[in-house]
Amino acid sequence: MSKNVKIAIVGLGTIGSGVIELLKNESDIIEKKSSINIEIKYLIDIDNEKLKKINCPDAIKTNDYKQAITDKEVDIIVELTGGIDFPNKLIKEALENGKNVVTANKALLAEKGKDLFDLALEKNKNIGFEASVCGGIPIIRTIYDALTGDRIKGIFGIVNGTTNYILTKMYEENIGFSTALKEAQKLGFAEADPTLDISGYDAAHKICILAQIAFNTPIEFNKVYVDGIQGIDLIDIKNANEIGYIIKLLAIAKFDPDETVEVRVHPCLVSKKNLLAFVRDEYNAVFLETKYFGNSMYYGKGAGSFPTATAVISDIVEISKSIFSNQNTTKLKHITNYPLKEIGEILSRYYVRFLVPDKPGVLSKISGIFGENNISIASVIQKERSKETYVPLIMTTHLAKEKDIINALNTIEKLDFSKKRAVMIRIIDD
C-alpha cells in the first residue's frame, strides 16, 4: 500500500521545473516502484511570472517559504534556489521546524555544510543532496551505500561540464580558449559569466563534498587548492597530445598513507590510456580507487534539468522511506578528523614548458637546478631551430614534491636567459 508524502519546492528554475515535470509525467511508475506517492503541496519562488507559468493546479503558489516550513502537513522542503545566504537560512529554519530537506546546492554544502548536517543529526532529520554533485550520476549514493564496506583511496573526477566541453573543443578543433568558451556560451554549456566554472570553484565545491563523504572527515573549503583553465594555452594541448596525454580539469581527493587527505582542483595531463581521457564534451565522470573493489568509473551528464531532477527525486523517495521507518539516512557524518595536506607537500609528476634562447648551456643549467631540488627528469623535448630567438623546451618529471618544483621554477625564472615563467601542469598516468 502506497504512503503519501507532501513536499514544497522552493526555487522554480531549471532544476525545479524539471522536478515538477518528472513528477507530473512519471508519478505512476515512481509510486509503483517505491510505494511512495509524492504530492507537491507548495511551489515557492520570488518571481511571480515563474509561478504563473507552472502548470500545477493542485499546488499552493506563493512567495512566502515560511508557509511551507510551518505547515505540519509538509514532510520535505526541496531547496533549489542557488546561492548561499538565503538557502542556508531556509534549510536551518526548515530543520528547526522538523522538516526533512533535499537540496542540489553544492556551494552551500561545501562552504556551510558542517553546521547544517550537525543540526540535521541533532533534530533527527535528513538532508538529501545527491543532486549537488554530477547531476544524475549517483556518485554520492555509490560512495556512501554501495561502497560502505570498502575504503576509498582516491577520487579523480571530471565534474564540470563547461570546462570539459571547452577543453574538448580546444583539443579536437584546434581552437584557442576564448573561441571555445564563446562556442560553449552560444550552445548554453557556459553561463554568460563563466567565472565559477572556468576558475575551478564549481568543481572544488563538488570534490569537497565527495571527500567528506569518502573519508568521513570535515574539509575546510577555503583550504582546498583550486586552479582553473583560464591559463591553458593551445600549444600545451598540442604538446600534451604529442607525448600521449589530454588536458582535463580534474577534481582530486586522496587518502594518503600518512593519514592526511588531499583535496585539490587543477588542470592535468591525463594519459590517453586512462579512462578519464575518453570523457568528452559536457559529460562528467568520477573514477574511484578503493582498497577491495579496485578501480571503477561512473559516467553521465553532470547537469541539466532532467538529469539533475532524477537525483532530486531519488532523494525525495529515499527520505520518504526513512520517514516511515524512522531512520536517519543523512550521508555526511564527520566521524574522523584527518588533516588536509598542503599543496606543497603533494607528490606528482609534472609537465613543464620553458621559453628559452636556442644556445648551448641552457638545458644544463635548468637540469642542474632541477637536480638541486630533488627533481628527476623523465623526458626532454626541444623544438627544432627556427627563426625565433627563443624556442620551447618541454620537460616531464618523475614524481616530485610540489614545493620542490615551485622552488626550481622560481630560481629558473630569475636567470638571465629566462624570458617568462615556465608553464607547469601536473600529470596523471594510467
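Let's begin at Thr-217, which sits in the loop between helix 10 and strand 8 (225–226). Keep in mind as you look around that this is a predicted model. Is Thr-217 buried or exposed? Thr-217 is buried, because its relative accessible area is 0%, and buried means under 20%. What surrounds this residue can be listed by name: leaving aside residues up to four places away in sequence, Thr-217 touches Gln-212, Val-261, His-334, Thr-336, Asn-337 and Tyr-338.

From here, turn to helix 7, which covers residues 161–173. Its 13 residues reach 18 Å from the first C-alpha to the last, close to the 18 Å expected at 1.5 Å a residue. At its N-terminal end you will find a cap: a side-chain oxygen of Asn-160 lies 3.2 Å from the backbone nitrogen of Thr-162. After the helix comes Asn-174, with a positive phi near 55 degrees.

How much of helix 7 is covered? Most of the helix is, with ten of its 13 residues buried. Among them are Tyr-165, Ile-166, Leu-167 and Met-170. The buried residues pack against several elements, including strand 7 (152–158), helix 8 (177–186), helix 11 (234–242) and strand 9 (245–255).

Setting aside residues up to four places away in sequence, Ile-166 touches Phe-177, Ala-180, Leu-181, Ala-184, Ile-198 and Ile-229. In soluble globular proteins, nonpolar side chains tend to be buried together. Here, the largest nonpolar core has 80 residues, and Ile-166 is one of those that touch the most other members, along with Ile-77, Phe-129, Ile-139, Ile-143 and Ile-155. Helix 10 (residues 201–215) gives the most to this core, with ten residues. A second, separate core holds 30 residues, including Ile-20, Leu-51, Leu-80 and Val-317.

Finally, find the open sheet, where six strands run in the order 3-2-1-4-5-6 with parallel pairing. Strand 3 (60–62) and strand 6 (127–128) stand at the edges; each has a single partner strand, so one side of each has no neighbour in the sheet. For strand 3, the pairing with strand 2 (residues 36–44) is parallel and runs over three bridges. Helix 12 (residues 305–325) lies across strands 1, 2, 4, 5 and 6, and runs at about 165 degrees to strand 5 (100–103).

Key:
Residues are numbered from 1 along each chain as its sequence is written. This is a predicted model: local features need pLDDT of at least 70, side-chain atom pairs count only at pLDDT 80 or more; totals for chains, interfaces and linings use all residues. Side-chain values use heavy atoms; hydrogens and water are left out. Helices (H or I, at least four residues) and strands (E, at least two) are DSSP runs, numbered from the N terminus. The expected span of a helix is 1.5 Å times one less than its number of residues. Buried means under 20% relative accessible area, exposed over 50%, partly exposed in between (1.4 Å probe, protein chains only). Contact means heavy atoms within 4.5 Å. A polar contact is a pair of N or O atoms within 3.5 Å; within protein, one must be able to donate a hydrogen and the other to accept it, and residues adjacent in sequence count only if both atoms are side-chain atoms. A nonpolar core is a set of buried Ala, Val, Leu, Ile, Met, Phe, Trp, Tyr and Cys residues joined through side-chain atoms within 4.5 Å. Two strands pair if DSSP finds at least two bridges between them. Axes are lines fitted to C-alpha atoms, for helices over the stretch in contact, and angles run from 0 to 180 degrees between N-to-C directions.
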